[in-house]
Amino acid sequence: MGGKAKPTKHTSKEIAKKVFEANVNRGGGAAGKAERQNAACGFKCYVCLCQQPSEKSLQIHWEAKHTDKGALDLEKARCK
Ligand SMILES: [Zn+2]
């Protein structure tokens, strides 16, 4: 054959990064600040029950992990 198989550099690494970011609250900007002051918990993923500090984090988490479950229902995930 002799063809050089180029390794696909992205995929798994990018997914891992996405998952990591979904679970880390960087809390940057005014929105993050408001979220921090507002709620002790914020949001909880109702699929895997992990806590998410903000709507944004939850959305990233959802897109990384649960798109197969359909659309994210924010109200359902909101901690009361
Ligand atoms: Zn989840």
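Angles under 35 degrees count as roughly parallel, over 145 as roughly antiparallel, 65 to 115 as roughly perpendicular and the rest as oblique. The model is predicted: local features need pLDDT of at least 70 and side-chain atom pairs pLDDT 80 or more, while totals for chains, interfaces and linings use all residues. Numbering starts from 1 along each chain as its sequence is written, and side-chain values use heavy atoms, leaving out hydrogens and water.

**Stop 1: two helices.** Select helix H1 (residues 12-22) and helix H3 (residues 55-65); their axes come within 8 Å and cross at roughly 150°. H1 and H3 are therefore roughly antiparallel to each other. Now show side chains: from H1, Lys18, Val19 and Ala22 meet Ser57, Ile60, His61, Glu63, Ala64 and Lys65 of H3 (contact means heavy atoms within 4.5 Å).

**Stop 2: the zinc ion.** Pick His61 again and go to the metal: the zinc ion is coordinated by Cys45 (SG), Cys48 (SG), His61 (NE2) and His66 (NE2), at 2.0 to 2.3 Å. Donors here are N, O and S atoms within 2.8 Å of the metal (3.2 Å for Na, K and Ca); water is not among the atoms, so sites may look incomplete. The 4 donor atoms subtend angles of 105 to 116°, so the arrangement is tetrahedral (four donors with all angles between 85 and 135 degrees). Along the chain, the donors follow the spacing C-x2-C-x12-H-x4-H.

**Stop 3: Lys69.** Finish with Lys69, in the loop between H3 and helix H4 (74-77); helices are DSSP runs of H or I, at least four residues, numbered from the N terminus. Leaving aside neighbours within four places in sequence, what is Lys69 in contact with? Val47 and Trp62. Draw a C-alpha distance from Lys69 to Val47, 22 residues apart along the chain, and you get 8.5 Å.

Definitions and conventions: Axes are lines fitted to C-alpha atoms, for helices over the stretch in contact, and angles run from 0 to 180 degrees between N-to-C directions. Four donors count as tetrahedral if all angles lie between 85 and 135 degrees; four count as square planar and six as octahedral if opposite donors are over 155 degrees apart and all others between 65 and 115; anything else is irregular.
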